[in-house]
Amino acid sequence: MSSNAPNPTEPAPLSRETMPDRRGEVLTGAQIIWEVLLREGVDVVFGYPGGAIMPAYDAMIQYPIRHVLVRHEQGASHMADGYARASGQVGVCVATSGPGATNLVTGIATAMLDSSPIVCITGQVGANLLGSDAFQEIDITGVTLPITKHNYLVTSVDEIVPVMREAFYIARSGRPGPVLVDICKNAQQESTTFEWSDEPVTLPGYRPVYVPKDDHVAQALELIAKAKRPVILAGQGVVKSGATEALTRFVDASGIPVACTLLGLGGFPASHAQNLGMMGMHGEAWVNTAIQEADLLLAFGMRFDDRVTGNLKTFAPGARKVHVELDPSEINKNVKVDVPIIGDLKKVLELMQPGLTGVERPAWTARIAELKGDSAVRDIQHLPDLGKLYAAHVIHDLWRLTEGRAVVVTDVGQHQMWEAQYYHHDEPRSLITSGGLGTMGFALPAAIGARFAADPGKSVWVVVGDGGFQMTACELTTCVQEDIKVNIAIINNGFLGMVRQWQEFFYGGRYVATPIKSPDFVKLADAHGLKGMRVESRADLAAAVREAEAHPGTVVIDFRVEQEDSVYPMVPAGADLGDMIKRPRRVDGRVAQHNPIFETGEDR
Amino acid sequence: MSDVVKRTFVIFVEDRPGVLNRVTSLFRRRDFNIESLTVSESHEPGVSRITVVCLANEDTAKRIEANVYKLVNVLEVDEITHKPRIERCLALIKVRADRAARAELIQLCEMFRASVVDVAPESLTIEAVGAPGKIQGLLTVLEPFGIEEMVQSGAIAMTRGSVPKAERRRPVREIQVA
Ligand SMILES: Cc1ncc(C[n+]2csc(CCOP(=O)(O)OP(=O)(O)O)c2C)c(N)n1
Ligand SMILES: [Mg+2]
C-alpha cells in the first residue's frame, strides 16, 4: 500500500459546517437517514450494526455524527435515554432487526415510563419478505406498540424523511416519549431525490399542546389563598418544562413548602429553605406526614405514582387537590382532584404568579418544623467511625467532595434511595434515575449517554449496586473503546439489597436468592485497562473520590459497605403514607447494630 | 362504582394499517373492557369510524377519551352515551322451526320488525336490526324454539339531528398543529 493512499479508517474530519447541502440530489435511503439526523440536530448516536441496518451504517461515515458502539443494544437505548435526560434533547439509538431490535426493548420501556424523548432506529428485513419469518425478522413495531409513544414501519425510501421528522417531533413535543422507526432494508438501499423543508410538522390527530382554562387557574388561586396547610408536590414535569425558576418564584411569593418526587429531585433546589425533601415510599417521615396533614396539595408535573401516594384510600384525606399536568389522561387516574389544570407547567406557573398573595401561615410552618424535629438533620459527618463503611457515608461524602455539582446517574435498589436521600441536588437534570420502570442495569449506559450531554466541566458519577452493575457491566468496554470518562461508585453490599430488605421486613428474614457474588471489581477494571480502587473504610473514601475525579479515564470504585443495612424510613407497599417504618433511633446512647444512621440534632 | 354504565364512543381515526390494533391494544393495556367494537369507512375519504361500547364509570370514561386522544392516528373521540343517538346492531339468528312452529315465528318476526331471510325444512334464519336491547328481547322470545346459531354485530351509533356547525368534524387536512 502506498503511503499516500487514503486511509479508510481515518476519513477527513467532517463537520456540520462543511457538509454540502444535498437537497435536490438523488440519495439512498441510508444517506437520507443521516441527512435527517443531522438536520434534527443529532451529534451522537448509540448503536450496534447487523444485516438489516448495514446500508445505514455504510453511509454513516459520510456524516459528522459520532457513533458509540455499545456492547448490548439495551445499553444503546439506555444511553439514548441518559443523553435525553441530561440534555432535554432527543437521544438516538440504532440497532439491527430481530435480536438487535428486541434487545432495545427494556431501554424503550424505561424511557416510556419516565417520558424520556428518544428515537430508536431499527433495520428491518426487505419489505417483500415482511410476514414470512425471514431471517432476523421480528415484528418490532408490534412488540413495542405498548411501550412507545408512537412507532412506524417504513417500507419505501420516500417515507423516510416524513416519518423521521414526525418521529422527532412526536418524541420531543407534549409529554415526551420514545418513538421507534423500523426501516426495511430495501428502503435504505433505494434512492430518491432528497427533499427537506423546515415547515413545522403537521399531524392531523396529534395535539400535544393544551391551553389551561382560565376558570381553573382562578379556582386554584382561590384555593391557594384560603389554604392553611398547603404543600406543593413537585415532579419531573418541573424538570421537563424547564420550570425551576418559575417554581422558585412561585414558592418565594406564596411561601408554600415543596415535597419532591424521586424524578422531581433537582427540579427545585434542595438547598431552598422551603424544600422539604423527597416524599413517598422512602421519603422523609416529616414530608409524608406533612402531606397527610395538608389541606391543599398542589401537584405540579407529577402523576401520583403508587410509590408516592401509598394507600390511595387514605392518601391526604383532608386535602383539596390541584393537578397541573400536561397529559389529560393523567387527570383523576390515581387520585381524584378538585381542580385539573392541563397545560405546560412553566406557563401555568407564570399564569398563576400575578394572582399569588403572600399569606402567612405561622401555624403550618411551626407544625412542619415540629415534624422535622431532630430528624431533619442526620449526623453523618460526625458519626463515629465504627470501622465500617455505610452506603449513606459514601453518598454523603460524594455529595460534599463533588460540592453537589456532579451529574449522578443511579441504578435501582437501596443505593438509589440512599442517593436520593443523601446527595442534595440543587440543579435540574443533575440526577438521572429510572423511576417508573425501576430498571436495574440502567446506570452505567445511561451515564455514558449523559456524558455526551452534560456540561463538560461537570463530573458524571454512576451510583450502582453490585447486582445492577453486573447487568450491564459489559459497557465498561464501551468506555474504553470510545474513550469515555465516567466515575463508577459500586455500592457493594453482597446482596440484592432492596429485595433483601423486603425479605427482612416482610418475608421472615428468609434471604432467598438475594446473596449475590461478584467478580473482583478492581480486577475487572484492570482487565479493561481501567483504574480500579477498593474502599473498605470511611477513612479511605475521600482520597479515592479525589483520585477518581483527577484520573482522565473511567474509574471503578468498589465500595465495600455494610451488608445488611436498610433504607429508612419506609412506607410498605400499599400502606398508608403516614404509616412508616422509621429509622431506628439511638438506644441508651448506643447505636442499633445495623442502623448507624440515627437521628440527632447535629448539623449534617 | 355506582355510575358504571355501558358507554358509547365514536372514534375517528386515520385509515392506515395497524390503527385499529393501536386502539384495541390501548383498551387492553389500560384494562378498559370492550363490550363491542365495529369499524368501517366514514363519510370522509381516508378516515375510518370506530364505535366502541364499554362498561365504565364517569371518570374512567374521561380517561378512556383522553387516552384514545393520545394515539397519534386518532382524529377525534366523542362519547355520545348521554347524547340523543341512534344505536343499531345487526343479528342473524337460525331457529329450529318445523312446519308447526313457522307461522308463530313469522308472527314474532313481524312484531320485532325482523325478517326471515332463509327457510330450510327444519329451520328459519332471521335477520334483525335494532338497538342492542331489542335484539336481546327477540332472542328471549326465540329461545324456546331452539336457537341453532346466532351472530351479532357490535353497535354502530350516530347522534340524532344535524350536527351543529361548530361541532362538525373538520376534514383531516384542515387541522394544523403548531
Ligand atoms: C431488571 C430488574 N430486575 C429485577 C429488579 C428487582 N430489584 C429491584 S432492586 C433489586 C436489588 C438490586 O440489588 P443491587 O443492584 O445490588 O442494589 P442494592 O439494592 O443492593 O443497593 C432487585 C433485584 C429490578 N428492579 N430490575
Ligand atoms: Mg447490592
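**Ligand 1 and the magnesium site**

In this predicted model, an oxygen atom of ligand 1 lies 2.7 Å from a polar backbone atom of Gly468(A), a polar contact being a pair of N or O atoms within 3.5 Å. Ligand 1 also has oxygen atoms 2.9 Å from a backbone N or O atom of Gly467(A) and 2.9 Å from one of Met498(A). Taken alone, ligand 1 exposes 590 Å², of which the protein buries 77% (Shrake-Rupley method, 1.4 Å probe).

The magnesium ion (ligand 2) comes next. Its protein donors, Asp466(A) (OD), Asn493(A) (OD1) and Phe495(A) (O), lie 2.0 to 2.1 Å from it; donors are N, O and S atoms within 2.8 Å of the metal (3.2 Å for Na, K and Ca). Asp466(A) lies in helix α19 and Asn493(A) in the loop between β18 (487–492) and α21 of chain A, so the pair ties together parts 27 residues apart in sequence. Both Asp466(A) and Asn493(A) are buried (under 20% relative accessible area, 1.4 Å probe, protein chains only).

Local features need pLDDT of at least 70 and side-chain atom pairs pLDDT 80 or more, while totals for chains, interfaces and linings use all residues. Residues are numbered from 1 along each chain as written, chains are lettered from A and ligands numbered from 1 in the order written, and side-chain values use heavy atoms, without hydrogens and water.

Definitions and conventions:
A polar contact is a pair of N or O atoms within 3.5 Å; within protein, one must be able to donate a hydrogen and the other to accept it, and residues adjacent in sequence count only if both atoms are side-chain atoms. Helices (H or I, at least four residues) and strands (E, at least two) are DSSP runs, numbered from the N terminus. Buried means under 20% relative accessible area, exposed over 50%, partly exposed in between (1.4 Å probe, protein chains only).
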